[in-house]
Amino acid sequence: MMNQRKKFVVTTVLASVILILVAYLSIDETASWYDENQYYRELQELSLGEKPTMRFLSTNPTSGSPRMRGGHFINAWQEMKSNHFYVFPRVTSCTEKKCSDVCVYVGPCHNANKSCCKIEVLDMVDKYLYKTKTIDATLHLYDALVVNSEYMKEFFRAEPRNYTGQILVLPHHSDPRLTGVETVPNEARHGKLQFGFMGSIPSLKHTDNFLHLKELKQRFPISLVDTDQGDIPPVVDHQMDVSIRPQGSLVSKFKTSAKLATAATLGHNIITTWEAAVRDSLPPDYPYILRNDTLDAAVQMFELSARDYEGDRVLWKKGLDMLKQVDRSLSLPNLASTYQDFLSNLALVGVEMSEAS
């Protein structure tokens, strides 16, 4: 009798758990498909060709770059109530064969140029660093490119690539979630400057995003804030961000302005090497630019910034004033408007090409 009662209790509990899970998943599934169903209903109500359609695609839609580049811009356009085009409400996998007037690939897709899209755009983000051969081999199959800097635009225009399609220079936008992050200095530091790196910590193993980290960490207080999984902390304890990359390296040439955008939005200053993407957004007289990537130069800059911060803060205030303008120029609404105009013009070209054929 006791064993039967135990079996009954266990069975009942398991059944309840299963029902709860099914209910939860059903709600989540309904929620995830609602916007897509609404998207298709609205399309059916439109006159043919009244408004172009576009979508973002990626080999890994949930990873960092597609989520930032695709997801954030989709949300921004929805908030702007864009009338330029209908954008599919999520980043699509490259394996999903869906037609749109404009398809934007966040990084190269293996079957990108076999789709039924009228216009195909390759948004590089930082993928050229890791997919160089693939991008070089398929470059001319895309109707347009989106790159991180003026340097990259000139790079793809020049020999031997000689790309002739349209190119948009789009700096990396600031993550809108960072506006809710509070900087609370560590009380144990007694008002002294705390340095910090906010980004993917695992990436430091394969990409030189913070040269001399080991040596500098032995001499200065440096916080490491890992956002590799897409999580943003509510509080950070550093006031000075750091981005030190090898001058003239591929990393310096093809990485984005994400670190600069992060510092500006947080209301911090940043010690940064003079990289291609940084040069497009930061004034050349910004006080914390490293024009030399050696350890000695880094140590001198850390010491200079600490003395100024713990003194009259002349350089500190000058830097913050400059980064206020950087924050405005790299804000998501500002860049979403630029990106929207570019894609809208491409969509019109696609419609004209379709009608001509």
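A residue counts as buried when its relative accessible area is under 20%. By that criterion, F73 and W77 are both buried in this predicted model.

The aromatic pairs come next. Across the whole structure, the search finds 21 of them. One is formed by F73 and W77: the ring centres are 5.9 Å apart and the planes meet at 45°, so the pair is tilted.

A second tilted pair joins F197 and F210. F197 sits in strand β9 (residues 195–199), whereas F210 sits in the loop between β9 and α5 (213–217), so this contact ties together parts that are 13 residues apart in sequence. F197 and F210 are both buried.

The geometry of the two pairs is as follows.

| Pair | Centre to centre | Angle between planes |
|---|---|---|
| F73 and W77 | 5.9 Å | 45° |
| F197 and F210 | 5.9 Å | 40° |

F73 and W77 also belong to a cluster linked by ring pairs, together with F56, F85 and Y339.

Charged side chains also sit over rings. The charged end of R291 is placed over the ring of W274, at 4.9 Å from the ring centre. R313 lies over the face of Y309, with a distance of 3.7 Å to the centre of that ring.

Terms used:
Residues are numbered from 1 along each chain as its sequence is written. This is a predicted model: local features need pLDDT of at least 70, side-chain atom pairs count only at pLDDT 80 or more; totals for chains, interfaces and linings use all residues. Side-chain values use heavy atoms; hydrogens and water are left out. Rings of Phe, Tyr and Trp (its six-membered ring) pair if their centres lie within 6.5 Å; planes under 30 degrees apart count as stacked, over 60 as edge-to-face and the rest as tilted. Buried means under 20% relative accessible area, exposed over 50%, partly exposed in between (1.4 Å probe, protein chains only). Helices (H or I, at least four residues) and strands (E, at least two) are DSSP runs, numbered from the N terminus. A charge sits over a ring if NZ of Lys or CZ of Arg is within 6 Å of the ring centre and within 35 degrees of the ring normal.
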